[in-house]
Amino acid sequence: MSPALLLVDLQQDYLAASGIQPTAEALIRKAAALVDGCRKLRVPIIHIWTTIHRDNDRRLPHWREANRWECVAGTAGHQPPVSLQPLNGDAIVHKTGFNAFADVALDTALRHCNCDTVIVAGIHLHACVRAAAVECLERGYRVRIAEDAVGSNDPIHAAATRRWLAERCVEFATTSALLASLEGSAPRALVHRSPCETSRVLFEVPVAGAGDVAAATGKARSCWNQWRRTSGEFRRETLERVADRLDAAATDLARQMAIEIGKPMAHGLEETRRAAQSVRDVAARASVFEPLRREAAGRIRYQPLGVVAVISPWNNPVAIPVGKIAPGLAYGNTVVWKSAPAATGISRTVLGLLREAGVPADAVQLLTGDHTTAQQLAAEKNVDAVTFTGSFLAGYSVQEICARRVVPLQAELSGNNAAIVWHDADVRHAAEQVAWGAFAFAGQRCTANRRVIVPAARFEDFLHAVKAASEQLVWGDPWQEGVDIGPVIDLARRDETAALVTRAQTGGGVHHVELLQKKRAREPWVSNGAYAQPVIAGCDQPDHPLVQEETMSPLLVVQRAEDFEHALVLCNGVRHGLVASLFSNTPELQRRFLEEAKAGILKFNASTAGVDVSMPFGGWKASGLGPPEHGEGDRLFYTHIQAVYGGNDALWFAKTPGEDEIP
């Protein structure tokens, strides 16, 4: 392989545009790592820039219509960031539209490189990056795209483009994987390392291919034809046994979570017991569920969906998938389950418990692999619906697939949750709640307290209180009794958090950075594992990445509000809308909070973290799609509603042949 690196439109004007995903900061970091690696390996680098001249206007029509002047030669916006600046020997190709091959400069540069492979990074995946990739394919180059170093302000279009290009032999890989292949390293197996001791590999994760996905969904389809005919009572009894198995295995599962994902023992125990409670709640609701009811004009009938794809994350590896699988089964569906790689071992244990409880082998099947496996599962013809929990960026790909196939999607897409702590709040109580919500389990919960909003006049008082409460939490080995904060999931997450903190300390917009647990941070065990030091940051810039992005790490952002109206604006001022909390006992403020907070879950005088299994769980805005999980949301997602006119009573209430029989 003789490669060249193409950097497409990584210029300040494009990077400063709103809505770029991943964030400009993340794109610059990944692209800079790719550039540095390529320079060390002497891979030729070609910079492709949009270049506009005011005295020779060749802008695209939509730029002219919007009177848009960007990337004008000689301006700061035309230039790339410092870390992506060209060096002597790099080629620079200028374009005025989508196609970098519009003149001969890029063709000439590629021929001069004598390359057979192009690696592409840049903006926008759905437009100029796509155009470059397609043109390179036509010219016979192998095309590889750095999937974490390409961005777009149209993420659904970008997800469709990614799928379309992949179907045409364009390879997508992470920056680190691309650099490893350039260095001649053998393709690394999908491995999971201990978060507590990252030098230790715990297991390898087999990656299911298209054939595995098709086989699993085919078996689930065959099983569904029998499972749907079992009685509600039979399913309820099966689920009760599942709950009993979970309760009995709680300690063992908590140990496994401590080892494999670094979840403190107390949190693992709580999660498993909550999962058992969830199954019992599902069984109880299903036992009184009426799949058929009369109306004046006919009957309303609830039918199972069929085969449901369950795509679950690593951070709650028992409660989240069990909370999806149980209602799927209860309402007559079968399940094909794709768990996150880090949760593979725990998922196999949970699957064993389901089998022991009497769930038929083909009614719930487990697939292992990476995000490509999940996408293949969502796209499989035998899948009738998808329920997904993960980041909203990953959710765009699943959303695009389900929209294209016109199948139901239930998606929980993370949170950037704020608590408002107002003047009349009990500051000590609020600080303890917020600290626990922000830092327990290293902040790796979608409901974690990412942000806290306080009156400007109370900032110092609250900062002192929340710092004191945070220092009382125990940071250490998740095996140890009393530990609240363990490691983050891997070194990449740890390093990303450290980079965020470093930029917060040196960049603008952040007026206070408080590193916590300083004494413990110097102990040897910290550097042996993926331990991210807990941090409190004060930031009043509402569009700052610290405010806008969900970090899934032990990082709490404190925002100062001028008045309560400003506090509500800050609370709602992110793309997410999962949980919001208010610490105040003033009825008028509580009323305004109820009316104006834009989140699927609202809480008073409590951390945003933690929910009850009997209540609906779902986010607004970018935090969720489709009906909520749990409670009454289960019936809304896991069944189709059908209106039936005519027919006699004997038709509806006759026993189906083979009812209660299972494969």
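**Entry 1: Asp 9**

I began with Asp 9, which sits in the loop between β1 (3–8) and α1. I kept in mind from the start that what I have open is a predicted model. I looked up the backbone of Asp 9 and found its phi near 60°, a positive value in a residue other than glycine. I noted this since most residues other than glycine have a negative phi, and most peptide bonds are trans. Is Asp 9 buried or exposed? I found a relative accessibility of 0%, so Asp 9 counts as buried, the limit being under 20%.

**Entry 2: Val 406, also with a positive phi**

I then turned to Val 406, in the loop between α15 (392–405) and β15 (409–412). Its phi is positive, about 55°, although Val 406 is not a glycine. For the accessibility of Val 406 I read 70%, and because exposed means over 50%, this residue counts as exposed.

**Entry 3: the loop between α1 and α2**

Next I went to the loop between α1 (12–15) and α2 (24–40), where Gly 19 is found. Pro 22 has its place in the loop between α1 and α2 as well, and the peptide bond that joins Gln 21 to Pro 22 is cis, with omega about -5°.

Which residues does Gly 19 contact, once its neighbours within four places in sequence are left aside? I found Ser 152 and Asn 153. Gly 19 and Ser 152 are 133 residues apart in sequence, yet from C-alpha to C-alpha I read 7.8 Å in space. Gly 19 has a relative accessibility of 43%, which lies between the limits of 20% and 50%, so I wrote it down as partly exposed.

**Entry 4: another cis bond**

I also looked up the peptide bond from Ile 123 to His 124, which is cis with omega near -10°. His 124 has its place in the loop between β4 (117–123) and α5 (125–138).

**Entry 5: an open sheet and its helices**

I followed a sheet of 6 strands, which is open, has mixed pairing and runs in the order β13-β12-β11-β14-β15-β25. Which strands stand at the edges? They are β13 (364–367) and β25 (624–625), each with a single partner strand, so one side of each is left without a neighbour in the sheet.

Helix α13 (residues 344–356) packs on the sheet and touches β12 and β13, its direction making about 165° with that of β13. Helix α14 (residues 371–379) lies across β11, β12, β13 and β14 (385–389), and I read its angle to β12 as about 160°.

Within the sheet I looked at strand β11 (residues 307–312) and strand β12 (residues 334–339), which pair in the parallel sense over 6 bridges. Val 310 has Trp 337 in β12 as its bridge partner.

**Entry 6: strand β22**

I moved on to β22, which is mostly covered, as 5 of its 5 residues are buried. Val 579, Ser 581 and Phe 583 point one way from β22, while Ala 580 and Leu 582 point the other way.

β16 and β22 pair in the parallel sense over 4 bridges, and Ala 418 has Ala 580 in β22 as its bridge partner. Strand β23 (residues 601–604) also runs parallel to β22 and is joined to it by 4 bridges, with Ser 581 standing opposite Lys 603 in β23.

**Entry 7: cavities**

How many cavities of 30 Å³ or more does the structure hold? I found 5, and the largest cavity has a volume of about 70 Å³. It is lined by 15 residues, of which Asn 416, Cys 571, His 576, Gly 577 and Val 579 are the closest to its centre. β16 (417–421), α22 (564–572), β21 (576–577) and β22 (579–583) each give two or more residues to this lining. By class, I noted 7 nonpolar, 5 polar and 3 charged residues in the lining of the largest cavity.

The second largest cavity holds about 50 Å³ of space. Among the residues that line the second largest cavity are Val 421, Trp 422, His 423 and Phe 462, and its lining divides into 6 nonpolar, 1 polar and 1 charged residues.

Technical notes. Residues are numbered from 1 along each chain as its sequence is written. This is a predicted model: local features need pLDDT of at least 70, side-chain atom pairs count only at pLDDT 80 or more; totals for chains, interfaces and linings use all residues. Side-chain values use heavy atoms; hydrogens and water are left out. Buried means under 20% relative accessible area, exposed over 50%, partly exposed in between (1.4 Å probe, protein chains only). Contact means heavy atoms within 4.5 Å. Two strands pair if DSSP finds at least two bridges between them. Axes are lines fitted to C-alpha atoms, for helices over the stretch in contact, and angles run from 0 to 180 degrees between N-to-C directions. On a 1 Å grid over the protein atoms alone, a cavity is a set of points where a 1.4 Å probe fits but cannot get out, and a pocket is an open set with protein on both sides within 12 Å along at least five of seven lines; lining residues have an atom within 4 Å of a point. Grid points are joined across faces, edges and corners, and a volume is the space filled by probe spheres set on the points. Ala, Val, Leu, Ile, Met, Phe, Trp, Tyr, Cys and Pro count as nonpolar, Asp, Glu, Lys and Arg as charged, and the others, Gly among them, as polar.
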